[in-house]
Amino acid sequence: MQIAIVGAGMAGILSAIRLTEAGLTDVSVYEKADRLGGTWRENTYPGIACDVPSHLYSYSFHLNPDWSHPYSPGQEIQAYLEDVARAHQVDGLIRFGEEVVECAWKDQQWHLETSSGLQDKVDFVIAATGVLHHPNYPEIEGIETFGGSIFHSSRWDHRVAIDGARVGIVGTGSTAVQMVSAVVDRARKLSLFQRTPQWIMPQENPAYGEEERADWIQNPQKLQKLHTSLSELFAGFANGIVDAESPQMTMIADLCRQNLEVKVTDPLLREKLRPNYRAACKRLVISPNFYESMQKANAELVTEPIECIETRGVRTDDGRLHDLDVLVLATGFKVDAFMRPMSVIGRDGKDLSQVWADRPNAYLSISIPDFPNFVMLNGPNGPVGNFSLIEVAEMQFDYIMQLIDLVHSGQCREVSATQVAMDQFETERVEAAATTIWSTGCRSWYLDDRGIPATWPWSFDRFRAEMERPKMVAYDRRG
Ligand code: NAP
């Protein structure tokens, strides 16, 4: 059986490892870049880290005793992913510099074509293309006229000097918050352009000591126990987040409010930083020191809306020009693209761009009706939140493997979700989304074009249970 994986990020590497372990060795991983790592390859801005504890943001089958911090920097995560791929000998399966541009279902096979013209025919496709990878460039008048250096946070230009520079950052998401703390002591002046304030969950991050790490090396069972206990802790949070009135949400709101009240001493600044929506409505931002950073003498919180960008800097609505050398757009991502712009043509010429013309959708975020033997990891409307997407991908993969097995064992040649299952799932999902914290009144990337959270709206326990075994009645099996 031939299988193609699109994308050599966290989920693509996982898939390659699991497939080869299962004895399926005819596997190719198509990767558009020249290096694996996905989001961790692309995001290299100062301060980048994962806001999920490193001992949880790890493959369950390859725990790492060497994490430097509870929340380790992005470079360490990138090195970890490369290390895992090498250790499990799947790095050789990756075809670098090959962006899949077309994927068409013909004669019970997927016909792939890459940007270099390479062609392939496979029995199954796993799209592991990630979510947050198409930069959202803001439409600000005059943006092209800026005389300094300007780039999106996920395209950090390391040739540009930050030390001693006047740096502007647009946005107040997780990215901007991490960046602020890393840049403030290097820049001459830091201006943070805030459109909406964020609730900030306090989270200390002291480095692990040598002894602690040596202990994990010598006692792998302790490392396993830590992974399990973190998983349980975060599952509890994930269960709470889908009920806006849960005790977990009250606790988080209290911690965030206290953080603001205690840490920000200037009452004017405090009010500028106070959100008017509920904590965790947007993705919860964690930081040990964002408020401290914003109170440094060279930091300024700019809350007047941006009017335009000029050669010298950013002009705000009040007529003021903020002179800048560097402007970083920490303005997030276009989150509804998934594997697009890749063209995907399913059964009877069905074009994914038309099926997804309104918004992306998939049964259990994995399978699309009439796109047989095509599955996604971290696909549309899947679980989001401050827990490990590696854990999510592992569960999804175990589920997907059972679909692959149907074809591999000869029980059918084609498998995809039925339209009935898709429609019923979507109706129930939209109904359940109404009571989640994400629906309590804020703008966020979790919301779709209708303002409905594009997420898994039920408990993490339900997700885990659903991922145990595909319900065969939900699948159209042919051939
Ligand atoms: P984001 O959460 O979508 O935040 C984008 C920010 O840019 C928001 O503050 C938004 O303002 C602002 N913005 C967008 N367009 C604007 C415009 N035209 N003018 C002014 N402001 C504008 O993006 P992100 O911070 O890159 O984070 C995205 C996600 O990546 C996170 O939620 C998280 O899932 C992930 N991430 C994770 C980590 C981690 O540690 N694991 C780190 C970074 C990112 P509004 O709020 O007003 O819309």
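User: Which residues does S54 touch, not counting residues up to four places away in sequence?

Analyst: The model is a predicted one. S54 sits in the loop between α2 and α3. With neighbours up to four places away in sequence left out, the residues that S54 touches are W67, H69, P70, Y71 and S72.

User: Is S54 buried or exposed?

Analyst: Buried means a relative accessible area under 20%. The relative accessible area of S54 is 2%, so S54 is buried.

User: How far is the backbone nitrogen of S72 from a polar atom of the side chain of S54?

Analyst: S72 is among the residues that S54 touches. A polar atom of the S54 side chain and the backbone nitrogen of S72 are separated by 2.9 Å.

User: Where is S68, and is S68 buried or exposed?

Analyst: S68 is placed in the loop between α2 (39-42) and α3 (74-87). Its relative accessibility is 14%, and therefore S68 counts as buried.

User: Which side chain has a polar contact with that of S68, and at what distance?

Analyst: Leaving out residues up to four places away in sequence, S68 touches P73, E76, A207, Y208 and R213. Between side chains, the polar contact of S68 is with E76, at 2.4 Å.

User: How many disulfides does the structure hold, and which residues are joined?

Analyst: A disulfide is a covalent bond between the sulfur atoms of two cysteines. The structure holds one disulfide. Its S to S distance is 2.2 Å, and the residues joined are C281 and C442.

User: How many residues apart are C281 and C442?

Analyst: C281 lies in the loop between α8 (267-272) and β12 (285-287). C442 lies in the loop between α12 (419-433) and α13 (460-466).

User: Which residue holds the cysteine sulfur closest to that of C412?

Analyst: C412 counts as buried at 2% relative accessibility. The closest cysteine sulfur is 18 Å away, too far for a bond, and belongs to C103.

User: What is the orientation of α6 relative to α7?

Analyst: The axes of α6 (residues 220-241) and α7 (residues 247-263) come within 7 Å and cross at roughly 100°. The residues in contact are G236, F237, G240 and I241 of α6 with Q248, M249 and I252 of α7. Angles of 65 to 115 degrees count as roughly perpendicular. The orientation of α6 to α7 is therefore roughly perpendicular.

User: What is the orientation of α5 and α6 to each other?

Analyst: α5 (residues 210-218) packs on α6 at about 105°, the axes being 5 Å apart. From α5, the contact is made by D215, W216, I217 and Q218, and from α6 by P220, K222, L223 and L226. The two helices are therefore roughly perpendicular.

User: Which strands are the edges of the five-strand open sheet?

Analyst: The strand order is β8-β17-β9-β10-β13, with parallel pairing. An edge strand here pairs on one side only, and the edges are β8 (149-152) and β13 (299-302).

User: What is the average twist in the open sheet of three strands?

Analyst: That sheet has the order β14-β15-β16 and antiparallel pairing. Its edge strands, β14 (306-309) and β16 (321-323), each pair on one side only. From one strand to the next, the twist averages 25°.

User: Which residue of β15 stands opposite I306?

Analyst: β14 and β15 (residues 313-316) pair in the antiparallel sense over three bridges. The residue in β15 opposite I306 is T316.

Note on methods
Residues are numbered from 1 along each chain as its sequence is written. This is a predicted model: local features need pLDDT of at least 70, side-chain atom pairs count only at pLDDT 80 or more; totals for chains, interfaces and linings use all residues. Side-chain values use heavy atoms; hydrogens and water are left out. Two strands pair if DSSP finds at least two bridges between them. Helices (H or I, at least four residues) and strands (E, at least two) are DSSP runs, numbered from the N terminus. Axes are lines fitted to C-alpha atoms, for helices over the stretch in contact, and angles run from 0 to 180 degrees between N-to-C directions. Buried means under 20% relative accessible area, exposed over 50%, partly exposed in between (1.4 Å probe, protein chains only). A polar contact is a pair of N or O atoms within 3.5 Å; within protein, one must be able to donate a hydrogen and the other to accept it, and residues adjacent in sequence count only if both atoms are side-chain atoms. Contact means heavy atoms within 4.5 Å. A disulfide is a pair of cysteine sulfur atoms within 2.5 Å. Angles under 35 degrees count as roughly parallel, over 145 as roughly antiparallel, 65 to 115 as roughly perpendicular and the rest as oblique.
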